[in-house]
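Visitor: Hi, could we go through this model together? I'd like to start with the ligand.
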Amino acid sequence: MRVGGTVRAWAPGRVNLIGDHTDHTGGLVLPIAIDLGTTITGERAGRTVQLTSASEPGAAVMPVDIGDPMTVEPRWGRYVAGVVSEVHPSTGFTGTVETTLPVGAGLSSSAALEVAFALALGFEGDPLDLAQVCQRAEQRASGVPCGIMDQLASAAGVQDHALRIDCTTLAVDPVPIPDDLEVVVVDSGERRALATSAYADRAEACQAAQAEVGPLRSATPHDLAQIGDTTVRRRARHVVTENERVDALAEALRTGDRRAVHDLMVDSHSSLRADFEVSTPRLDALVASLTALDGVVGARLTGAGFGGCVVALVERDAPIDVGAPQWRVRASRGAHLEGAP
Ligand code: GLA
């Protein structure tokens, strides 16, 4: 909504309950949009974009016809530039960014920035259009061939629901989070930017597997046995088994099957550690500490890995302390302009 020329847009971060490193091969994911997010406030005018951030140094300043986002400094401004270069706004924007998300902790602070800013700039389209524009913005800003999960969770969030997303059809099915469970996110404190991580390497291995056996989305264990390279075979095995776990967890949430929730989250973490090799000793230790606590139903690393956060599903109000920063998050509605329905 525009009141007196001022625009205010909000977009949530996300935490993924299960289904990591599946989106870039059209697989299944089960994220929630969370009640931590990014607000952009300002005015649409002129031919320049100028944003300052309460949590990042420097100002992001660029013309509305910015070419390559990767030339922009400070670095956080590249996500802003990515959005500008994809949205092609007719006017500029001057405003501020505030966030309740920990930046760079694996809760999709960059996706929240992109999605909020696209709305602030006046992007019009449905949540899927918004997510696709912002996924391209992220890819151009970071050089990382990321999938669509983060931006689509931020754009299409549903209060008190996880989102079962089919990254081939892009269908989004809300799955209720049981009232007696809470989502707790624990920060490992380890920070590794996606671009400097092995994300692209893992995505390439998945492409190599698909070149041999076709889409991993429909591959069978028998197909995987035909992959010659053992590392590529393990990467593909993670993806194929993780896709199965997404639907199994959605079903376990629907039926309240605690044992299945526990086993699926722990198996997902093991697969990310052993087959996809994106865990760290710190993440493994946090998952072990969490799953040993009374009241924790299941825990696993969430997002790209290489540091970042662990997600746990816990009995409501269960006291959780593993000596690391944590947030109790709720599944939130998706991005919106303030005052919009
Ligand atoms: C990052 C990417 C997502 C997804 C996850 C891993 O968050 O941006 O597209 O691939 O890693 O599941």
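Visitor: How far does a polar side-chain atom of D20 lie from an oxygen atom of the ligand?
Guide: That distance is 2.5 Å, a polar contact, meaning a pair of N or O atoms within 3.5 Å; within protein, one must be able to donate a hydrogen and the other to accept it, and residues adjacent in sequence count only if both atoms are side-chain atoms. Bear in mind that this is a predicted model, where local features need pLDDT of at least 70 and side-chain atom pairs count only at pLDDT 80 or more, while totals for chains, interfaces and linings use all residues. Residues are numbered from 1 along each chain as its sequence is written, and side-chain values use heavy atoms, with hydrogens and water left out.

Visitor: And how far is the ligand oxygen atom from Y199?
Guide: An N or O atom in the Y199 side chain is 2.6 Å from an oxygen atom of the ligand. For H21, a backbone N or O atom lies 2.7 Å from a ligand oxygen.

Visitor: How much of the ligand does the protein bury?
Guide: The protein buries 98% of the 300 Å² that the ligand exposes when taken alone; these areas come from the Shrake-Rupley method with a 1.4 Å probe, and for residues only the protein chains shown count as cover.

Visitor: Back to D20. Which residue does D20 form a salt bridge with?
Guide: R300, with the closest N and O atoms 2.8 Å apart. A salt bridge here is a side-chain nitrogen of Lys or Arg within 4 Å of a carboxyl oxygen of Asp or Glu.

Visitor: Are D20 and R300 buried or exposed?
Guide: Both are buried, where buried means under 20% relative accessible area, exposed over 50%, and partly exposed in between (1.4 Å probe, protein chains only).

Visitor: What about R330, which residue does its side chain meet in a salt bridge?
Guide: D160, at 2.8 Å from N to O. R330 is partly exposed, with a relative accessible area of 48%, and D160 counts as partly exposed at 30%.

Visitor: How many salt bridges does a search of the whole structure find?
Guide: The search finds 21.
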